[in-house]
Structures are given as structure tokens and as C-alpha cells.
Amino acid sequence: AGDFAARLPFSDVNLNTGVSSNLAGFASLAETYVPLEWKALSLFTGNCTYSQAQDEVLGLINRTSNLEEHGFAPILLQSEGNALPAESNVISLGSRGDSFYEYLLKDAVFSGAGPEAATRRLWESFRDSLPKLFIEADPRGLERQALEEAARQRASHKRSKRRAASARTPPGLLKALEQHRQSGGASGGWFEGGRDVWGPWLFVRETGYTQSVPKMDHLICFLPGALALEVLQDHGPRRKRFADLQVGSMLQVRRDST
């Protein structure tokens, strides 16, 4: 309830009394904008105010976070739309952020929006900014590179026992390989050792005020589906590659965690 053009929806509603309040002190990005439900309600009731309220919420977030330029918004927002000044406030496609971006595309599809519609423009800004959050990792490829280099050195020096004894993987590459082997699991890296990976992985990082966080939330599973939906609508082969890599990465993470 209230003037959505001036503030975001409350974080809490007492279902017994109907009284709304902001008990959390902030609104989660993913919970501020849920256009499909409200626009469907407008469609079935003939009451356009439900739909208009969602458009006003999106307009407010666009103004305060400059979505058209940056593509992303922080996951914790104050009632007037500005970012909550807290270390826990990050740009994330996981919890508290996931469905906001998905709904930009789904609203454009649901509404039959053309290229000039706000949801279409903001989705495209988000999609074009996505590579800033991508981490592509291929530990098996790195191991292959190290083994091939060692084999080349052994072959070129096999006539000399002295040289053959020193034919080792270049120290820099060996150090990088060892770091990658130790970078998974409890070490908090982006991937496990090459023995556990069947192909390249694509991770989506979180970004805070001071650093990127080596963490990919499980709710990012929406992303490959949203990219695939756009491919289905607009036939974008480059984005299909991102979707394929993301699905493979999520399945691998799911397999290793169960």
C-alpha cells in the first residue's frame, strides 16, 4: 500500500491484521518487483492499479541504481530505493537478487513488450553486463597444458641424462597448477581439482563494496533458464553458450555436494 513512486513496498505484512511494516529495515531486491503475479491480477480483475504499482517500483529502482547504465542493483534496498549501507549488501544473482532479473525478461515476454519498453531495455542492460560477473575455469585444460609442456621438455632432452633430470614443468605453470589443485573445497576456491571436472565451468561471482566474493549461490540456477528463454525468443547463439556452461557447472556442483 502507499505511493510506490516514492518508496518500495514494505518488507512485512501481518496476515492477521493486514498491517504492513518495515521490520527488516530494508527490502530485498527480488521481493520488490514481482510483475507477473500483479499484472496477471490486473488482467483478471480489470484493475490496472496492480500493474501500475509494479511499473512504478521498477522505475524507482532504475533511478536509484541506474540500471540502464550498470545493469545491476544491490540486493538490500532502503524504502526510498537507495542501497542499504551494510557490508552484507552485495550485487548478487543468488538469494535476494535472483528473480528480479529473471522477471525483467519474463515481464517483457508476458506483456509483448517491444524493444523500447523499460523491461526489455533493462533486461538487455543486465544481460550485456553479465560477463563482468563471470569466472570461466578449466582446471583440466590447465593440467593438460602442464603435462604437454613436461612431455615436450623430456622429448627435447632425452639424449642427455643430466638435462632429462631437469626437464620439469616450468616453475610458474607448476605453481599455478598446484594452486588450482588446492583451490577447491575447504580452501574456498572457484573449483575442485581437474580430476573432478569434466569440462569448463562458468561461475557467477558476488561483488561487495570492497571485493569480489568467491561464492556462487545455488539460486543462480535461474540464470541459464532465463538465458535459454531469451534464446528461444530472440535466437542468440552466444548467450546459449553461457546457458550451456552454467547448466553444466550447476549440475557438477549439485553432484559433488550430494
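Residues are counted from 1 along each chain as its sequence is written. Because the model is predicted, local features need pLDDT of at least 70 and side-chain atom pairs count only at pLDDT 80 or more, while totals for chains, interfaces and linings use all residues, and side-chain values use heavy atoms, with hydrogens and water left out.

Let's start with helix α5, which runs over residues 98–111. Helices here are DSSP runs of H or I with at least four residues, strands are runs of E with at least two, and both are numbered from the N terminus. The 14 residues of α5 reach 20 Å from the first C-alpha to the last, close to the 20 Å expected at 1.5 Å a residue; the expected span is 1.5 Å times one less than the number of residues. Still, α5 has a kink of about 25 degrees centred on L104, where the bend is the angle between axes fitted to the seven residues ending at a residue and the seven starting there.

How enclosed is α5 by the rest of the structure? Largely, because 10 of its 14 residues are buried (under 20% relative accessible area, with exposed being over 50% and partly exposed in between, for a 1.4 Å probe and protein chains only). Just past the end of α5, G112 takes a positive phi of about 65 degrees.

Positive phi also turns up in residues other than glycine. N66, in the loop between α3 and α4, has a phi near 55 degrees and is partly exposed, at 29% relative accessible area. R96 sits in the loop between β4 (76–77) and α5; its phi is near 75 degrees, and at 37% relative accessibility R96 is partly exposed.

Finally, there is one cavity of 30 Å³ or more, meaning a set of points on a 1 Å grid over the protein atoms alone where a 1.4 Å probe fits but cannot get out. The largest cavity holds about 40 Å³ of space. Its lining includes L8, P9, F10 and N22, and by class it has six nonpolar, three polar and no charged residues.

Notes
On a 1 Å grid over the protein atoms alone, a cavity is a set of points where a 1.4 Å probe fits but cannot get out, and a pocket is an open set with protein on both sides within 12 Å along at least five of seven lines; lining residues have an atom within 4 Å of a point. Grid points are joined across faces, edges and corners, and a volume is the space filled by probe spheres set on the points. Ala, Val, Leu, Ile, Met, Phe, Trp, Tyr, Cys and Pro count as nonpolar, Asp, Glu, Lys and Arg as charged, and the others, Gly among them, as polar.
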